[in-house]
Amino acid sequence: MPIKILVNGAFGRMGQMTVKTINAHPNFELVGQTGREYDLKRAIKDSGAQVVVDFTHPEAVFHSTSIIIETGAHPVIGTTGLTINQIQLFQEKCANLKLGGIIAPNFSLGAVLMMKHAQEIVKYMPHVEIIEMHHDTKADSPSGTALRSAEMLAQTAPANASTKPSHETVPGARGATHHHIPIHAVRLPGFLAHQQIIFGNTGETLTLRHDSIDRECFMPGVCLACEKVLTLNQLVVGLEEILQ
Ligand SMILES: NC(=O)c1ccc[n+]([C@@H]2O[C@H](COP(=O)([O-])OP(=O)(O)OC[C@H]3O[C@@H](n4cnc5c(N)ncnc54)[C@H](O)[C@@H]3O)[C@@H](O)[C@H]2O)c1
């Protein structure tokens with residue numbers, strides 16, 4: 001039996017790509033497409049969706065994720081902008097319901113590999129900064145990927161890893177910090193989604209760089225998530241949690 005999937009945010013850039021991918025996938029059945037003015041709860045109930053993929057807006061994602069979990073559908077959340085406290089709340093709810101789901105700020109394999117390898121490198125090169133570059137219509141800054149990268153780096157970075165404070169002649173010149181890791185966000189037409197993680201050491205630097213040049217790159221991760229969430233009994237964070 002194909003897995004019944006509803007896409008929320010179906011008329012946006014990621015939503016349209018997801019709809020196309022699900023329609024072409026032999027194991028999936030697209031049972032619903034919802035957008036801004038839709039009644040998501042009713043759409044999930046009426047369609048019998050088992051999985052709901054969400055690519056909406058940072059201001060909408062807390063509400064839509066609450067509804068998905070409340071209806072008992074498995075959430076596959078690609079929308080960025082959820083806070084750590086909000087994610088913990090959803091994890092508690094899913095644990096109580098034994099409901100499988102995933103929140104992944106980046107569904108591309110290359111970006112996840114960049115984050116995983118960065119965790120190893122930071123053990124030896126603790127001075128690190130992130131530069132992320134996105135299209136100028138991206139709603140949130142910094143990107144969810146940059147925030148997640150900083151969190152993952154902070155898990156293995158030595159306690160003294162933070163860069164020495166310096167005087168900012170112009171406020172913001174040194175970027176924002178998340179878990180003591182500086183993040184610099186660039187927003188320009190011409191970019192899609194790109195990130196560099198730069199490690200500095202005396203006399204040398206090491207740069208990991210990932211470039212998403214087509215939204216297609218997110219689709220294998222989305223498909224994997226739609227299948228895996230049915231086998232989970234908790235809400236996991238990050239595509240790396242379900243990769244073999
Ligand atoms: N996880 C990933 O791999 C990944 C990859 C790319 C983008 N994203 C994120 O996905 C989200 C969407 O990105 P996009 O480029 O498709 O944006 P977009 O603006 O093209 O599309 C968002 C869509 O959501 C709709 N929407 C807004 N509020 C809504 C609501 N309350 N209910 C239902 N629909 C609503 C909008 O009308 C729009 O059609 C962003 O948060 C972005 O950062 C994640």
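His 194 stands opposite Asp 211 in strand β10. This is a predicted model, where local features need pLDDT of at least 70, side-chain atom pairs count only at pLDDT 80 or more, and totals for chains, interfaces and linings use all residues. Residues are numbered from 1 along each chain as its sequence is written.

Strand β9 (residues 193-201) runs antiparallel to β10, and nine bridges join them. Strands here are DSSP E runs of at least two residues, and helices are H or I runs of at least four, numbered from the N terminus. β9 and β10 belong to an open, mixed sheet of five strands, ordered β7-β8-β6-β9-β10; to count as paired, two strands need at least two DSSP bridges. At the edges sit β7 (176-178) and β10 (204-212), each pairing on one side only.

Angles run from 0 to 180 degrees between N-to-C directions, using lines fitted to C-alpha atoms, for helices over the stretch in contact.

| Helix | Strands touched | Angle |
|---|---|---|
| α5 (residues 109-124) | β6, β9, β10 | about 165° with β10 |
| α6 (residues 144-156) | β6, β7, β8, β9 | about 165° with β6 |

Overall, the protein chain has seven helices and 11 strands.

Conventions:
Two residues are in contact if their C-beta atoms, placed from the backbone, lie within 7 Å.
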